[in-house]
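Hi everyone, thanks for making time this morning. Let me put the model up on the screen, and then I'll walk you through it.

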There are 2 protein chains.
Amino acid sequence: MITNLMIAPIILAVLGLIFMFIKMTWVKKQNPGSDKMKSISKSIKEGALAFLAAEYKLLLIFAIIASVALFIVSTIVPTTHWIIVIAFIVGAIFSALAGNIGMRIATDANARTAEAAKTSLPKALQVSFGGGTVMGLGVAGLAVLGISLFFLIFVKMFITQGGDFYNEMTMALEALAGFSLGAESIALFARVGGGIYTKAADVGADLVGKVEAGIPEDDPRNPATIADNVGDNVGDVAGMGADLFGSYVATVLAAMVLGNYVIRDMSITNKFSDNFGGMGPILLPLVIAGVGIVASIIGTFLVRIKDNTAKEAEVQKALDLGNWVSILITLVASWFLIQWMLPKTLQMSFFGEGLLNIPSRHVFYACMIGLAVGALISVVTAYYTSLGKKPVLHIVQNSSTGAATNIIAGLAVGMKSTFLSVILFAAAIYGSYALAGFYGVALAASAMMATTAMQLAIDAFGPIADNAGGVAEMSELEDHVRERTDILDSVGNTTAAVGKGFAIASAALTALALFAAYVTFTGIDGINIFKADVLAMLFVGGMIPVIFSALAMESVGKAAMEMVQEVRRQFKEIPGIMEGTGTPDYAKCVDISTKAALKEMILPGLITIITPIIIGLLFGAEPLGGYMAGVCVSGVMWAIFQNNAGGAWDNAKKSFEAGVEINGEMTYKGSDAHKAAVTGDTVGDPFKDTSGPSMNILIKLTCLVGLVIAPILGNHTDINNHQTSIKKEVKVEVNKNNSDNAKATITTTITKNGETTTEVKNIEGSIEEVEAQTKKEDESTKIKTNK
Amino acid sequence: MITNLMIAPIILAVLGLIFMFIKMTWVKKQNPGSDKMKSISKSIKEGALAFLAAEYKLLLIFAIIASVALFIVSTIVPTTHWIIVIAFIVGAIFSALAGNIGMRIATDANARTAEAAKTSLPKALQVSFGGGTVMGLGVAGLAVLGISLFFLIFVKMFITQGGDFYNEMTMALEALAGFSLGAESIALFARVGGGIYTKAADVGADLVGKVEAGIPEDDPRNPATIADNVGDNVGDVAGMGADLFGSYVATVLAAMVLGNYVIRDMSITNKFSDNFGGMGPILLPLVIAGVGIVASIIGTFLVRIKDNTAKEAEVQKALDLGNWVSILITLVASWFLIQWMLPKTLQMSFFGEGLLNIPSRHVFYACMIGLAVGALISVVTAYYTSLGKKPVLHIVQNSSTGAATNIIAGLAVGMKSTFLSVILFAAAIYGSYALAGFYGVALAASAMMATTAMQLAIDAFGPIADNAGGVAEMSELEDHVRERTDILDSVGNTTAAVGKGFAIASAALTALALFAAYVTFTGIDGINIFKADVLAMLFVGGMIPVIFSALAMESVGKAAMEMVQEVRRQFKEIPGIMEGTGTPDYAKCVDISTKAALKEMILPGLITIITPIIIGLLFGAEPLGGYMAGVCVSGVMWAIFQNNAGGAWDNAKKSFEAGVEINGEMTYKGSDAHKAAVTGDTVGDPFKDTSGPSMNILIKLTCLVGLVIAPILGNHTDINNHQTSIKKEVKVEVNKNNSDNAKATITTTITKNGETTTEVKNIEGSIEEVEAQTKKEDESTKIKTNK
């Protein structure tokens, strides 16, 4: 049963991890600079590791409780095997590991990037991007390794020769969902915790340091400056790593589950078989993910610049080149993989339309839609958040009349940015579904996520460059070092914004694929919001992202205020800080951020996980579906709104660094308008780095929890029960001009003891004849018996 | 056919209008004060009337285009009569009239309230509340008069003796929907236009006057001060009047439409008849509305205080007394009306559950749920926005660290406030539906809205008192006058916040009732979000309130910036303004606000009206249903978020007037923390007065447009077409412990040429027997033929 193709993703994943180790060794071999630089870098690393250690300790408690709960579920529900607990734990560990690897290399790479920037910009890019590459490959490699290894094991465990393939595969995939659940849960806590940490430190450092004391960013006299740099690593690096790890796994899982439905639909008349053990549609997303790793490795070789006097545009061009080449390779490979692994024509049952024939190339087109929409949403995100573009300039103009108009303008920009993003997203759902059903939607998401390693490399190099600038500033290196790291940092800000757009798009598509898997899995007829309980839960679901965001923001506010008071206290009580003769107590600030982040991440995390369970148990499968849809719709809006508003505010503030023209006058840093822009940026900080990115995980995790508890809910197709269901759909067409000309198609689907047979009958004739014929037919007689 | 009961609401409405005229004459007879006061009051009135005149001119163009479009629809669709155009136009005129009456009396009452405040506080309350009463009765009277008069006419036109009651009534109610559409369209423009006007003037006046020049609110030296006071009237008074007029009409309409469905369901076996021409369930909401007017009149007599040294608490108590008495009277009356007008047992068909028997007292319980939830949501709103409560104090505390933390705290408070509101709202849907289906939901909304006259009187007295304070300040009256108007103003702020909570709750329930009417009207099976097109439109719908809010906020920002620059210019160019020797050019500021408001209200208005039409035509009835649900879910969240954040910021700022303790120190006006709070309030202004309240109209109007275009969409039950539909529902119960014991219920509903018959069949026996029996039965053979 196990084909060579199942080993392929494992090999590709290991390849990626080997390349990661090579790159890691290379980065570590670089010169870490002077003793002062080493010591600063060490402080940042220690702070970050201390936070992660404390976080893991807390998450261990969560993991134990969740494991026990999952084990209990597995003893009650016959389709859930206890092995799901192991999958869950390993998923959690892998997710933590992915974040950890990224963070360690990022804290190693910062001083080395600063040191490299002493000699040249190309070298600095190489080191910082090298760090990013390690992180990207670590995340992608672990994700593909974990999911394909577990899949191999579960196929061995559950799939029997001559057994009921669909139901056995469902059990295997449900156990695999445990891996995804583990990964996504840790991601949620890491994202929220990291987000609170980084912004508490950042806001705290900025408010007292920059605004009150008037000292520049990363000034060593600011007691919160180490905490701020630690924050970049635990939030932007470790948090993001865990986030994308979770997305990646969930996307592949959703596509596999929907692949299983395709196989079921194709087995109605004859048992489906192909050269891949009858698992082609399930294996496809796994193999595409594996190929994406190789494509990303190739892409990373292209990210380099030669010119030491290069500016932002050249650096951006190098990143774009690498990115597009890896996307292109993946796309071409997908074409051949789809041709090879899928039958020429697929049969898929469409809701309300019955079984349709889908050419396999439609699946490829769905992948293209995924990539196209991902790219376009990134373009939209870049437009709304980039320096020099209309929205950011609009905020800049509105800064001249004070902080209030700056805030209003920023909020409006974030809100307006939902328009194009949502239209594109709706088009992606519509298009990929029309092409290849929900399997198409899932593969669109898979295609988007395939080059995660490259995406993450591009994303992660930003915070490394940012930290390098911090190290340069604190070590009082020459100005040209900071200038070079600033170029990288500035490009990093743009790629971060674009990456966020991409992350939202892929998370939303993944959530939809999971949602589709959930509906099919529970065996309900659909989610009808004309039922009051479903509608009520749609509203409750819509409220969750808002509450989640509020809690995250309040946590930042609370932690930031503690930080502000501590920094103020240190300025007051420690003599000679401002003169540079006294040393601030950095550790105290690190400690405040750590404690606040850990305390505050618990409530939003629990709300996300527990609410769907309660709703599912109290109201049943369909209302839970309404809840999921509510979370998705509202979550996507709030994600786009918060990320883009935050990004736009950030760059509006940055615009003043080079100077901007307001009402015909050049305005610079230190002006009143700039101060207003700093206020906007401070408001935007938790938006774009705490609550905004958490939305992605919130929507995915909600759908995953639903998928995992689906077997407990009433309507589940239980393989151990004797069950018969008959479904007849009657479609009648009547020629308006000729009452004697009518057509009817009757599709009958009978599922008995897990086997499904379909029969199609066409009737033509006068209206009366057709009416008489169709009346004889059943439409949907469902009998459920539990023996 | 026309019973006396149809005349009753007309008489009650006329009674309300007569009482309104008496009150109006009384207010106008009061002393308007000194020449200076008269002149200021005149300026405000002229500015307000000039704005309304300009607005009406623009809306005339819209009304003409919309009328032509509606006329074309009526010629194409056989169920839509051209009379809908007349209903639409009259609805629009009545809505404008309601706003106009309110605004005129408010501008008359302001100086008179200030003059009354010279002698005593009780007298000032009497005058300002008298003005509010005029407005409340004007709105409610016109609404009930319009809808019951048109209903009388349409019943005469469409209902024939011995004809098909359900289909004829559907035509009558569809024509009536035109009245509601006209009212709601004008309401949208009035709300948005008025909201932009008032906040542009307010923000402009505050930013330069209070923050830059450091002169107090309503200082006559501020050129924008007249515009600011005009804004209170066109936004808070005229806008709100049109808004509630629209809500009121839409609620009653939705309940009537759903009443018609109840009659249809009860006519399956025998034609329904009662002592009210077979229209009891349709007439009930109209009669309750009429009774609500009388109850409100009685309530207004109780709003009075005796003590001249009374404080906010006493004034609030007087208002509460009047409010609760009118609610109680309405509730008691409803009990008897329901007993009298409805049959003891109602039959309603529930989705997926078939025809159920509902005792009429369940309808009363649904009304109680409506009132309870309305009151509770008001309590929640009050909690999140009131002085001295935790959320506002939280914002105050966060003001000490600057504008940024104040903003973050305010946003978080607004977001958090969605939690309880949405839970209550979801409970209301769930509960009232469980009690009496969507008819129950509609009657819950009707009960909430029944005392609109009283609600509005309480709401409208606030802006009058606010304006009275402005007149007192500008006329440089003695301090105790301002103190007295300030007490009234402060109570007015609380009632305004509570009123907004109430308005959201009622708008959301109304929208749901309209949504239910839409689904039943189009004849679709429900709104299944498991279909990709429906899901895509759910997302698009979710985006609309966000975009709408963004456009409204940006408009305020744009207009406010123009205003700021104008005020700055006047301070610079007109000599002696600050010394009080030069006179500012008030008219110029009024002009800027007027032009900006009119220009900016067009786009959001058109988006609201045109988008559902496009989606309906392009994608069909079910995706449009998804769109509506998306707008409702997202709209409710953004309405609560924006209104409560705005209200909380406002009161956080006001907290500094009496002084607040921050970190153990008393902090007052003029402190840095206060300045931060002023920034928050400025951000909150468009939230709570422009975009937030527009959400109500947005969601109602979206559902209304859907209802009106429903006949154009494919699935409509067209009475002129030959149509047969057969629906069989099979329910099987099996005893787990005894496989020989199974039960099945088969309900067959056949609709042929508009007539519906139902047959219920019970089968008992062994599983095999039941299975064999049920298989013989059809379940849902639908044949549609267009001859």
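A quick word on ground rules. This is a predicted model, in which local features need pLDDT of at least 70 and side-chain atom pairs count only at pLDDT 80 or more, while totals for chains, interfaces and linings use all residues. Residues are numbered from 1 along each chain as its sequence is written, and chains are lettered from A and ligands numbered from 1 in the order in which they are written.

So, chain A. It has 19 helices and eight strands; these are DSSP runs numbered from the N terminus, with helices being H or I of at least four residues and strands being E of at least two. Its radius of gyration is 27 Å, close to the 28 Å from the globule rule for 787 residues, so chain A is as compact as a globular protein of that length. That radius is taken over C-alpha atoms, and the rule is 2.2 Å times the number of residues to the power 0.38. The C-alpha atoms fill a box of roughly 95 × 55 × 50 Å along the principal axes.

Of the 787 residues in chain A, 65% are buried. Buried means 20 or more other C-beta atoms within 10 Å of the residue's own, exposed means 12 or fewer, and partly exposed is in between, with C-beta atoms placed from the backbone.

Now zoom in on A:A205, please. You'll find it in helix α5 (residues 165-213) of chain A. Is A:A205 buried or exposed? A:A205 is buried, because 28 other C-beta atoms lie within 10 Å. Beyond its neighbours within four places in sequence, A:A205 is in contact with A:N222, A:A224, A:T225 and A:D228; contact here means C-beta atoms, placed from the backbone, within 7 Å. Its C-alpha atom is also 7.2 Å from that of A:V564, 359 residues apart along the chain.

Next, the core. The largest nonpolar core has 580 residues, and those touching the most other members are A:L176, A:L258, A:A513, B:L176, B:L258 and B:A513. Such a core is a set of buried Ala, Val, Leu, Ile, Met, Phe, Trp, Tyr and Cys residues joined through C-beta atoms within 7 Å. Among the residues that B:A513 touches are B:L258, B:F438 and B:V441.

Notes
Contact = placed C-beta atoms within 7 Å.
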